[in-house]
Amino acid sequence: MNAKGRRAWKVPPRELFRRQGNKKCLMLVWLKIQRRRDIQSLASHPLKDMVVTGSDDRLWKMWALRDGDIIMVGEGHTDWVSGCCFHPSGTQLVTSSGDTTVQIWDLSKGGCVLTFKGHAQAVWDCSWHSCGDFVASASKDSTSKIWDVNSERCRYTMRGHKDSVSSIEFLPFSNTVLTSSADKTLSLWDARTGLRVCTFYGHLHSCNHATFSPESNMIASCDTCGVLKLWDVRQAVPMLSVDTGPRSANQVAFDHSGCAVAVASSDGTVKVVQPGLGQLHSLQGHGETEMQSVAFHCPAERLLSGAADGTVCLWTYGASASMFSMERTA
């Protein structure tokens with residue numbers, strides 16, 4: 001451990017599971033980054049090999065994926081950092097926190113340039129619109145908000161969920177917002193009016209997260225009993241339901257082809273579902289500690305996972321591997 005309290009090490013080679021054929025598959029890899037406190041959220045930089053993590057130590061940190069070194073630390077929240085999302089250009093960051101605020105950070109200046117206040121309880125998640133002018137937040141107070149970065153005010157408060165709003169996400173290049181809630185539903189909203197357009201029913205337990213597929217024709221969602229559902233956006237009906245439990249499924253992410261879905265599980269594994277192949281794989285790299293978040297890193301074919309033990313694992317995958325394995329990197 002260095003003077004900053006950060007340790008980085010390589011994971012020794014370990015075969016996780018095998019498969020036949022030469023179709024695209026995960027070839028899982030490599031580096032762990034350790035923090036002293038739980039990883040609550042993570043975000044992949046849209047252009048560079050960097051990742052930001054939010055933790056219950058009230059800080060966010062930016063790391064270089066190449067060697068695990070800290071690039072920048074953001075200090076300003078007074079409670080845990082629950083969510084983080086990069087501006088589409090990668091020049092700014094938005095964070096949400098248990099302190100009920102949403103903050104905008106200028107990465108060139110290394111400081112907070114704007115704080116949004118208005119939620120009555122903890123803010124669980126945040127998202128940046130693809131135009132860069134608006135951010136959205138989801139709160140324990142059962143509301144979501146659309147914030148105008150230019151006018152520095154709340155544009156709309158979206159009401160309709162009957163319990164805590166767990167996650168929020170803009171559909172890229174559109175005015176549609178997706179939320180998931182502890183009331184067991186998902187909702188689509190019109191960001192221009194703040195009104196709900198559609199509600200998705202089908203989960204039997206509190207929803208933890210939901211996200212759009214790369215082609216925006218599907219939604220993946222997960223709940224506290226480990227159930228993953230894939231939804232047809234236009235028809236608002238489930239296309240597939242996969243039980244990854246019994247432990248909670250905390251976050252979901254599509255890969256960039258839309259052919260695989262990663263699930264962060266409380267049993268300490270990343271579940272990778274490939275619906276087209278009818279396969280479910282469990283990736284072990286964090287021990288038995290609760291997995292909090294997952295995200296695919298672009299442009300490289302990589303998967304990031306963050307856990308309650310304060311570690312982030314980076315898994316890489318290729319197009320012609322005949323086995324899934326964790327390997328030491330150079």
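Reader: How many bridges pair strand β19 with β20, and in which sense, parallel or antiparallel?

Author: Strand β19, residues 186-190, pairs with β20 in the antiparallel sense over five bridges. Two strands count as paired if DSSP finds at least two bridges between them, and the strands themselves are DSSP runs of E with at least two residues, numbered from the N terminus. Before we go on, please keep in mind that this is a predicted model, in which local features need pLDDT of at least 70 and side-chain atom pairs count only at pLDDT 80 or more, while totals for chains, interfaces and linings use all residues. Residues are numbered from 1 along each chain as its sequence is written, and side-chain values use heavy atoms, with hydrogens and water left out.

Reader: Which residue in β20 is the bridge partner of Trp 189?

Author: Trp 189 has Arg 196 in β20 as its bridge partner.

Reader: What sheet do β19 and β20 belong to, and what is its strand order?

Author: They are part of an open sheet of four strands, ordered β17-β18-β19-β20, with antiparallel pairing. At the edges are β17 (165-170) and β20 (195-200), each of which pairs on one side only. From one strand to the next, the twist averages 25 degrees, where the axes are lines fitted to C-alpha atoms and angles run from 0 to 180 degrees between N-to-C directions.

Reader: Let me jump to β27, then: how many of its residues are buried?

Author: Six of the six residues in β27, which spans 269-274, are buried, and buried here means under 20% relative accessible area, with exposed over 50% and partly exposed in between, using a 1.4 Å probe and protein chains only. In a regular strand the side chains alternate between the two faces of the sheet. In β27, Thr 269, Lys 271 and Val 273 point one way, whereas Val 270, Val 272 and Gln 274 point the other way.

Reader: And how many bridges join β27 to β26, and how many to β28?

Author: Four bridges join β27 to strand β26 (residues 261-265), and these two run antiparallel; Val 263 has Lys 271 in β27 as its bridge partner. On to β28 (residues 279-284), which is also antiparallel to β27, there are six bridges, and Val 272 is partnered there with His 281.

Reader: What do the turns on either side look like?

Author: The hairpin of β26 and β27 has three residues between the strands, and Gly 268 takes a positive phi near 90 degrees there. The hairpin of β27 and β28 has four residues between its strands, with Gly 278 in the turn at a positive phi of about 65 degrees.

Reader: Which residues other than glycine have a positive phi?

Author: Two to look at are Thr 100, with phi near 80 degrees, and Ala 236, with phi near 55 degrees. Most residues other than glycine have a negative phi, and most peptide bonds are trans. Thr 100 sits in the loop between β10 (92-97) and β11 (101-106) and is partly exposed at 24% relative accessible area. Ala 236, in the loop between β23 (227-232) and β24, counts as buried at 18%.

Reader: Where is there a cis peptide bond?

Author: A cis peptide bond joins Gly 245 and Pro 246, with omega about 20 degrees, and Pro 246 is in the loop between β24 (237-243) and β25 (249-254).
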